[in-house]
Amino acid sequence: MSEPAVAPTKDDGSLKRKAAVGAVWTVLGMGGGNIVRLISSLVLTRLLLEEDFGLIALVNTFLMGLHLLSDVGVGQVIVQNKREDPDFVNTVWTINVIRGVFHYLIAIACAEPYAAFYEQPILAPLVRVAALSALILGFMSASFFTQSRRLDLKRLVGLELGSAIIGTVVTIIWALVSPSIWALVWGGVVMATARTILSYVWLPDSRN
């Protein structure tokens with residue numbers, strides 16, 4: 001005897017609709033991000049030297065390695081947990097702040113040895129400044145993760161594109177005024193700052 005079919009609930013339909021809308025916004029965000037990166041690359045490759053891009057690649061590789069080593073899944077905790085009470089969210093936010101400070105201090109400590117390893121003294125100050133991005137992003141609103149859990153991706157896509165555009169514009173203007181690798185470094189710091197500020201201004205429930 002076959003079991004009776006279970007009729008879809010209203011929540012199921014709402015979840016599917018949110019997932020479909022979220023997928024559309026994700027695709028739009030990826031497309032917009034690729035356009036911004038393409039424009040940035042076309043302009044900056046004409047303004048900066050090839051070795052500048054090689055050095056910034058080394059800086060980003062180092063910082064990405066630290067990021068992966070220090071990643072304790074703070075955002076995933078909020079996304080996967082049903083709790084959204086202020087105490088829980090603020091605790092997770094505090095952990096993220098501590099992680100950002102830890103990330104920054106480790107980068108400062110390792111900057112000189114990293115530069116010595118590649119025999120590029122300029123890497124040390126570049127790493128110290130670029131690491132400010134990790135410190136600043138540590139203070140980003142936890143609402144970024146609660147919005148992800150709710151599949152409300154429209155505002156998240158706007159935040160990502162907005163901060164990318166701001167960072168790109170600052171980088172290009174800096175490179176026009178003073179064409180050096182510092183345009184790439186400070187452009188990244190400005191992008192992280194814009195992302196953090198927008199997480200409080202643009203996203204709902206953003207107080208931590």
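Reader: Which residues make the nonpolar surface patch of about 490 Å²?
Author: In this predicted model, local features need pLDDT of at least 70 and side-chain atom pairs count only at pLDDT 80 or more, while totals for chains, interfaces and linings use all residues. Residues are numbered from 1 along each chain as its sequence is written; side-chain values use heavy atoms, leaving out hydrogens and water. Patch residues have over 30% relative accessible area and no salt bridge, with like charges joined within 9 Å and nonpolar side chains (Val, Leu, Ile, Met, Phe, Trp, Tyr) within 5 Å; a salt bridge is a side-chain nitrogen of Lys or Arg within 4 Å of a carboxyl oxygen of Asp or Glu. The patch is made by I165, V169, I173, L176 and V177.

Reader: Is V177 buried or exposed?
Author: V177 lies in helix 8, residues 153-177 (helices are DSSP runs of H or I, at least four residues, numbered from the N terminus). Accessible areas come from the Shrake-Rupley method with a 1.4 Å probe, and only the protein chains shown count as cover; under 20% is buried, over 50% exposed and in between partly exposed. Because its relative accessible area is 69%, V177 is exposed.

Reader: How many residues does the largest nonpolar core have?
Author: A nonpolar core joins buried Ala, Val, Leu, Ile, Met, Phe, Trp, Tyr and Cys residues through side-chain atoms within 4.5 Å. V59, F62, L63, A107, L123, L126 and V127 have the most contacts inside the largest one. Helix 2 (50-70), helix 4 (86-118), helix 5 (123-130), helix 8 and helix 9 (182-201) each supply at least two residues of this core. The number of residues in the core is 26.

Reader: Which residues does F62 touch, not counting residues up to four places away in sequence?
Author: F62 is one of the residues with the most contacts inside the largest core. Contact means heavy atoms within 4.5 Å, and F62 touches A107, C110, Y114 and V127.

Reader: How many residues apart in sequence are the parts that the pair of W93 and F139 ties together?
Author: Rings of Phe, Tyr and Trp (its six-membered ring) pair if their centres lie within 6.5 Å, with planes under 30 degrees apart stacked, over 60 edge-to-face and the rest tilted. W93 and F139 form an edge-to-face pair, 6.4 Å centre to centre with 70° between the planes. W93 lies in helix 4 and F139 in the loop between helix 6 (132-137) and helix 7 (143-149), so the sequence separation of the parts tied together is 46 residues.

Key: Buried < 20%, exposed > 50% of the residue type's maximum accessible area, 1.4 Å probe, protein only.
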